[in-house]
Amino acid sequence: TCLCIKINRMNITITGLHLKKDPEIKNYAQDKVEKLAKYYSKIEKISVRLISKEAHRGQDSDYICEIDVSIPGHNLEIVDSERAMDKAIDKAVERMKKTLIRHKEKHISREHKKGVLNKIRNRFGF
C-alpha cells in the first residue's frame, strides 16, 4: 500500500510492508516527515518505507523505518529499527533532521568560503 502526497514542490511517498495498522501509522509518519521541510527548503522528494518484521526468539515484531530524502545533487538515507513503529519513525525523523541540518551547514560554509575568495580576488586583482 502506498500513500503519495505533494506539498509545495516536495513529494512525499509512504509505503508499508506487513503493517496491520496502516492508516493511523501512515498518517503519523506523514505528519512527522512533513516537518523536515523547515530544516532544508530544497527537498525534492521524501520516501518513507515502514516495514514490520517477525522478531526471533518468540518476541514481538521489529519495526523498521527507512527515510530517503532527495535534495539537489544528493540522496540522504536513514534506517532505524525499534520495538514500536512510532518510536522507529520518531528516531529516524530525528536522525534525518540532524543530517539535513549538517548538510545545510556544510553547504553554507562552502558558499561562504567561495564568496570570501572571490572578494579577495576582486580586491587584489587575481
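K91 is partly exposed, with 37% relative accessible area, where partly exposed lies between buried (under 20%) and exposed (over 50%), computed with a 1.4 Å probe and protein chains only. The structure is a predicted model, in which local features need pLDDT of at least 70 and side-chain atom pairs count only at pLDDT 80 or more, whereas totals for chains, interfaces and linings use all residues. Residues are numbered from 1 along each chain as its sequence is written, and side-chain values use heavy atoms, with hydrogens and water left out.

The side chain of K91 meets that of E82 in a salt bridge, at 3.1 Å from N to O. A salt bridge is defined here as a side-chain nitrogen of Lys or Arg within 4 Å of a carboxyl oxygen of Asp or Glu. By this rule, 9 salt bridges are counted. E82, the partner of K91, is itself partly exposed, with a relative accessible area of 25%.

A further salt bridge joins the side chains of E94 and K97, with an N to O distance of 3.2 Å. Both residues belong to helix α2 and lie 3 residues apart, about one turn of the helix. E94 is partly exposed, its relative accessible area being 34%. Salt bridges with shared partners also connect D80, E82, K91 and R95 into one network.

R49 is partly exposed, at 27% relative accessible area, whereas E66 counts as buried because its relative accessibility is 16%.

Strands and helices are DSSP runs numbered from the N terminus, a strand (E) having at least two residues and a helix (H or I) at least four. Two strands are taken to pair if DSSP finds at least two bridges between them. Strand β4, residues 61-71, is mostly covered, with 9 of its 11 residues buried. Over 10 bridges, β4 pairs in the antiparallel sense with strand β3, residues 45-54; within this pairing, V48 stands opposite I67 of β4. Strand β5, residues 74-82, runs antiparallel to β4 and is joined to it by 9 bridges, with D68 opposite E77 of β5. The hairpin of β4 and β5 has 2 residues between the strands, and G73 there adopts a positive phi near 90°.

M96, in helix α2, is buried, with a relative accessible area of 0%. The C-alpha atoms of M96 and I67 are separated by 7.7 Å, although these residues are 29 positions apart along the chain. T15 is located in strand β2, residues 10-17, and counts as partly exposed at 26% relative accessibility. Between T15 and L50, which are 35 residues apart in sequence, the C-alpha to C-alpha distance is 6.2 Å.

A positive surface patch comprises K98, R102, K106, R110 and K113. Patch members have over 30% relative accessible area and no salt bridge, with like charges joined within 9 Å and nonpolar side chains (Val, Leu, Ile, Met, Phe, Trp, Tyr) within 5 Å. K98 lies in helix α2, residues 85-124, and is partly exposed, at 48% relative accessibility.

Definitions and conventions
Accessible areas come from the Shrake-Rupley method with a 1.4 Å probe; for residues, only the protein chains shown count as cover. Lys and Arg count as positive and Asp and Glu as negative; His and the chain ends are not counted. The place of a charge is taken as NZ of Lys, CZ of Arg, CG of Asp or CD of Glu.
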